[in-house]
Amino acid sequence: MAPDPQQLALFSAESTVAAFASVVVDIPARALSEPYAYGVPGEFADDIAIGSTVLVTFGHRAALGYVVALAETLGDLPGAEGLDPVRVRPVRALLAAPSCSPYAADIAFWLSREYVAPLAECLRLFLPPGGTPRLVRDADGAYRVERPAVAEVHERVLSLTDAGRTYEPPVRAHRQRQLLEALACGPVTTRELRALYTDLSATIRTLAQKGVVAVEERRAWRGVSGATTLSSASASVPEHLTDGQREALAAIAEAYARGQGDVVLIDGVTGSGKTEVYLAAIERVLADGRSACVLVPEISLTAQTVGRFRSRFGDAVAVFHSRLSAGERLDQWDMVRTGAARVVVGARSALFCPFRDLGLIVIDEEHEQSYKQGSSPRYHAREVAAEMARRGGFPLVLGSATPSAEALERCRAGTWAAQRWQRVEMRERPGGARLPRVVVADLRRAFAGGNRSMFSSVLERALLDVAARKEKAVLLHNRRGFAPFLMCRECGCVPTCRHCSTALTYHERTHTLECHTCGAVYHVRPYPAPGSACPQCGSRYLAKMGLGTQQVEDALRALLPSEVAVIRMDADSTKGKDGHQRLLEAFDAAESAVLLGTQMIAKGLDFPEVTLVGVINADYALKMPDFRAGERAFDLLEQVAGRAGRGERPGEVIIQTYLPEDPVIRAVATHDRAIFTEHDRAQRAEALYPPFVRLSNINVWARDEHAAEGHAAAIACDIRRLVAATAPVPPPAGDAGAPPSLAEGGDPRVAPVVLGPNPCVIARAKDRYRFHVVIKSPLGYHISDVIAAVLDARPAPQGVTVGVDIDAYDLM
């Protein structure tokens, strides 16, 4: 591109600049995968820093940019070696001071290459919350960065002066006495005073004028209170640790002392006290003046987890997740940036907070799929955290009762990506609590015996016993709505979404069919309601098929006494800001209750009063068209089973299934994970699936079906050609029965395999036809570079969109 003559006139030689900067232009395009060199004028050379937001000229337009490197000479600037200084344009303005972590640029570059994502998108992860910043030109021609208008809030803090400590109010000045009594124990905010004594404004002014009270205004942090009545939202220091807890803490301490970014996997049964290990490890990190980050997989766990951490660390804990308001998110971000908070608890996005000297990352329930980002950049929080730990030289702690296949295999190998991986087992529950007894209810026998109820006789009897004993139960049914679908009994028609190739789920409360892919809603009256009609043949017999949580809820209310609270917890009942917390508090407060829900109730929740866990149908997840279906089903069942028997009273788990001999069911029933994991590992090794290879998924979608399929075919052809030219040729297979090794470089017998293009399982979504190309590549082969080269050489035609998912979890 030809340089701008006006800019050349101003910036014609290297000697006219004070420094040089590498700038990432904020344009999310794959073609812009590298920063650009710009000159730094002397007028703001002293103020510019790595992370600064600047105004630059890109092409023929003004653009936002972020400084990722600085150097006094162009030759010292990374990537600018040999560049002619005459061609370097100047930074036009310094728009904002740095607001992200100092390591943000390095991790953003790694993310961009690893996950084949635009560099600007990766860097945006580290920016303050509130939406993408926009470049705005004012009437006077000056540019500025416009962010969503979220005002800071402040509060007034009152404290006694030296004179106030000896001040004696008049005999009848009751309000002054109230204020002095409140301040005798330390500073108090005006908001707290109003809660105690209503309005004391006049009294405060009087005593401030007399020099008795000092009034200071300071920044208030929204989202800090986190008040909850959950009994499990506290964490007192136990008198004694279990042997497993001590061993885990010793491993973390050793990794911290080594300073090499080691990964410690805490493989602990449900209820074994993993949270206490996290708390104790963080205490040591905070004592060194460093910060810590704790990731949890579900928003439903946030109130409980934050309560436990704040009971130990006070207001130094920030919380970060999607249900916070814009103001709360910004304030929590600023708490971390300013150092007011040194522990962050949140979802995967909490990784990108501006930590001060991060010293520990903890990922609880590390097996959870929610740690995988669904939109670009499609990163996995475990891999990003491991890279941060490796670069920062601090430990990464993974915790789970059902560790992922990837984590287990890396611990078996001992190292992965130049990091040491160590597994520590915690097999006992503190305080003598025991694992629950598991009963498998064979639905085949129940059906043969004439039982047509959704509850087997053993589960129905157990529920009634819980109600009689005034105890609590948890019921899992991983299908929300009233019925998974409607079907015409005469012609077999199943209503599907007009915009997607997915069946619609029926919701009884609203009499609607809803698409859980695009959110479309259709009003309907199924049989036997008047006006019910099949959209295909007009028959009245459009009937509800299958079970959803709403239908199970109705059955529970009919079965149990009215004094037993039935609380349904799914995506429909938790839509409000504090929906999860409100329902869990109601369950906690009830004398006797049943908590019915989807997978969000299966993990992390700690209610000692729960003595029964029931699974309505364990088979839903087992037969999904996904090689991870068995792993997900085992994780879900093992986790929900762990909700029972966490107190003094023994627990019981009843799993209803048509497949009692499946390895997943047998492993959960016997508390022997090896029954499933060894079977699953052998299958994956034979079929070459992760963790023995890397699985990449390239999605292509468009309104025109032929355009989407044609572009997907062209991409697949290009990748096959490039792989054939660059991938090492594997030697002849040796022992075909031996499982692949996860040592550095992966299995030498594995060659990259390109599959497709094929229609996605959900072939049409939101009026767009979807095709995908799946690639299995050996662990030591960087498939991301191949995919990036192909996509750069073959841009998508107009109307066609391409998405890349490296280490894919969702192939639907």
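Buried means under 20% relative accessible area, exposed means over 50%, and partly exposed lies in between (1.4 Å probe, protein chains only). Helices (H or I, at least four residues) and strands (E, at least two) are DSSP runs, numbered from the N terminus.

I noted the ground rules. This is a predicted model, in which local features need pLDDT of at least 70 and side-chain atom pairs count only at pLDDT 80 or more, while totals for chains, interfaces and linings use all residues. Residues are numbered from 1 along each chain as its sequence is written, and side-chain values use heavy atoms, with hydrogens and water left out.

**Partners of E15**

I looked up the pairing next (two strands pair if DSSP finds at least two bridges between them). Strand E13 (residues 291–295) runs parallel to E15, with four bridges. Strand E14 (residues 317–320) is also joined to E15 by four bridges and runs parallel. Val345 is the bridge partner of Val294, and Val345 is the bridge partner of Val319 too.

I then followed the chain. E14, H10 and E15 make a right-handed β-α-β unit. Right-handed means that, with the strands pointing away from the viewer, the path from the first strand over the helix to the second runs clockwise.

**Gln332**

Is Gln332 buried or exposed? Gln332 is buried, with a relative accessible area of 0%. Its side chain reaches the backbone nitrogen of Val319 at 2.7 Å.

**Helix H6**

I moved to helix H6 (residues 201–209), where the buried residues are Thr203, Ile204 and Leu207. They lie on the same side of H6 because they cover an arc of only 100 degrees around the axis. The arc is that of the directions from the helix axis to the C-beta atoms. On the other side of H6, I found Arg205 and Gln209 exposed. Just after H6, Gly211 takes a positive phi of about 75 degrees.

**Cores**

I ended with the nonpolar cores, which are sets of buried Ala, Val, Leu, Ile, Met, Phe, Trp, Tyr and Cys residues joined through side-chain atoms within 4.5 Å. The largest has 79 residues, and Leu111, Leu351, Ile361, Ile719 and Ile787 touch the most other members. A second, separate core has 35 residues, among them Ala633 and Phe634.

Key. Polar contact = N/O pair within 3.5 Å; in protein donor to acceptor, adjacent residues only side chain to side chain.
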